[in-house]
Amino acid sequence: MKKAVRAVVVSAALAAGLLSVPTGASAAGTPYVPGTLRPSVSQATQDTALQKYYDFWKKNFLTTQCGTGTYAVLSKDADHSFVAEGEGYGITISAMMADKDPQARSIVDGILKFVKAHPSVNNRDLHAAEQDANCKSVNGSDSATDGDLEIAYGLLIADKKWGSGGAVNYKAEAVRIINAIKKSEVNGTTKFTLLGDWGNDAEYRNSSRSSDWMPGHLRAFAAATGDSFWGQVRTRSETAVSRLQSSYAPNTGLLPDFVVNTNSTPKPAPADFLEGPNDGRYSWNACRDPWRLGADAISFGGSAAAAQVRKMNTWIKSATAGDPSKIQSGYSLSGAKTETGQHPCFTAPFAVAAMTDPGSQAWLDKLWTAVSTWSPDATDYYGTGITVQVLLILSGNYVAA
């Protein structure tokens, strides 16, 4: 996120009646690493839950108000009506739902049209991070790295689903953006992602956002471009995750929203570095880390993320005594609560982490029940978008680009 999101807190209702499916079984998505756990409910039950949340997301957060043939994702709980990561989520979600929604391709194409209509002032192949209710770019019209990473990744998924021989060459569009990310959103010396294409300013050029360290995305970029640069970026972030965990969160494995000193020894950002007092804690950006690291761990054998995300899983399972309703909305890196109340963007990602641990079947089943029975909030774009993507993974419908 470019600006902090403060979404409405919703509550989880636990349900019973769990059935079983084979461990590691997959639906229509990428086969998972052997030993990956899946929820102990039928595939039909999993698909039904995914469809429910996807339909809710479409109804409440997709809009055509910005022009004919255009779709855009409304970020009702953010500082502006449209934010870059939301458009990236929209492309990714819709492409992954290609087999379940006949509108999916039109949605992807429509969001891409919106993205291309709002280029960054610094690099026209990147997306201006924020638009107002009138669909006009605001707040400097520069980019946010998390949005561009997700837009490019979603387009690679679209290429896997539909190919690139139609009206839109998804592969070429993705590579165009990937190359622009390399040019303007990665520090060429340190190989860490920047905060945006404005991040080369002296104050920010040696800082990064932990939730942008998405190993699966970086693998996909390397494969799509044949550029070994992306392997270097992935290795740097993997090393940083391990060092941050050992130095600052040995008991929890939690990562901070923002990281500084990327040109020497990375460390958590100080309070109020960019968004607020919790910038150096596990907060509204880093809450995505168990999902992002977990997705790579279950998709690629030998992923460094597997051990990293299991640390997070071991801690949260113990800290809550196996009760998902006790997961709170933010923690210090030592595990102290920084904000109270539940929110899906903190609860749902831990379900992906649990999939990586052979000893966490009962815990995963409780998390599945919690995540799949949220009462979704029509104003909570952030939590709903994350929940849909977690359900894609839990249900075996996730696609690794």
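Guide: Asp101 has a relative accessible area of 8%, so Asp101 is buried. Buried here means under 20% relative accessible area; exposed is over 50%, and partly exposed lies in between (1.4 Å probe, protein chains only). This is a predicted model, in which local features need pLDDT of at least 70, side-chain atom pairs count only at pLDDT 80 or more, and totals for chains, interfaces and linings use all residues. Residues are numbered from 1 along each chain as its sequence is written, and side-chain values use heavy atoms, with hydrogens and water left out.

Now the partner. Asp101 meets Lys58, side chain to side chain, in a salt bridge of 2.9 Å, N to O. The criterion is a side-chain nitrogen of Lys or Arg within 4 Å of a carboxyl oxygen of Asp or Glu. Lys58 sits in helix α1 (residues 43-61), while Asp101 sits in the loop between α2 (84-96) and α3 (104-116), so the pair ties together parts 43 residues apart in sequence. Helices (H or I, at least four residues) and strands (E, at least two) are DSSP runs, numbered from the N terminus. Lys58 has 18% relative accessibility and therefore counts as buried.

The loop between α2 and α3 also holds Asp99. Asp99 forms a salt bridge with Lys161, with closest N and O atoms 3.0 Å apart. This pair links distant parts of the chain: Lys161 is in helix α4, 62 residues from Asp99. With 57% relative accessibility, Asp99 counts as exposed. Lys161, at 23%, counts as partly exposed.

Just after α4 comes Gly163, with a positive phi of about 75 degrees.

Go back to α2. Glu85 lies in that helix, and Arg288 lies in the loop between β7 (267-268) and α8 (289-299), 203 residues apart. Their side chains meet in a salt bridge of 3.7 Å, N to O. Both Arg288 and Glu85 are buried. Across the whole structure, the search finds 13 salt bridges. Some of the charged residues form a network: Lys116, Asp125, Glu173 and Arg176 are linked by salt bridges.

Contact means heavy atoms within 4.5 Å. With 3% relative accessibility, Leu112 counts as buried. Between the C-alpha atoms of Leu112 and Asp289 there are 26 Å, and 177 residues along the chain.

The search of the whole structure finds one disulfide. Cys66 and Cys135 form it, with sulfur atoms 2.1 Å apart; the cut-off is a pair of cysteine sulfur atoms within 2.5 Å. The torsion about their S-S bond is about -80 degrees, so the disulfide is left-handed. Cys66 lies in the loop between β1 (62-63) and β2 (72-73), and Cys135 in the loop between β4 (130-131) and α4, so the pair ties together parts 69 residues apart in sequence. Cys135 is buried, with a relative accessible area of 11%.

Cys287 is another matter. Its sulfur is 3.6 Å from the closest cysteine sulfur, in Cys345, and that is too far for a bond. Cys287 has 0% relative accessibility and counts as buried. Cys345 is in no disulfide; Cys345 is buried too, with a relative accessible area of 0%.

One more stop, along the chain from there. Thr387 is in helix α12 (residues 381-394). Thr387 is buried, at 2% relative accessible area. Its side chain reaches the backbone oxygen of Gly383 at 2.8 Å. Thr387 also touches Tyr53, Pro344, Ala348 and Val371, leaving aside residues up to four places away in sequence.

Definitions and conventions: A polar contact is a pair of N or O atoms within 3.5 Å; within protein, one must be able to donate a hydrogen and the other to accept it, and residues adjacent in sequence count only if both atoms are side-chain atoms.
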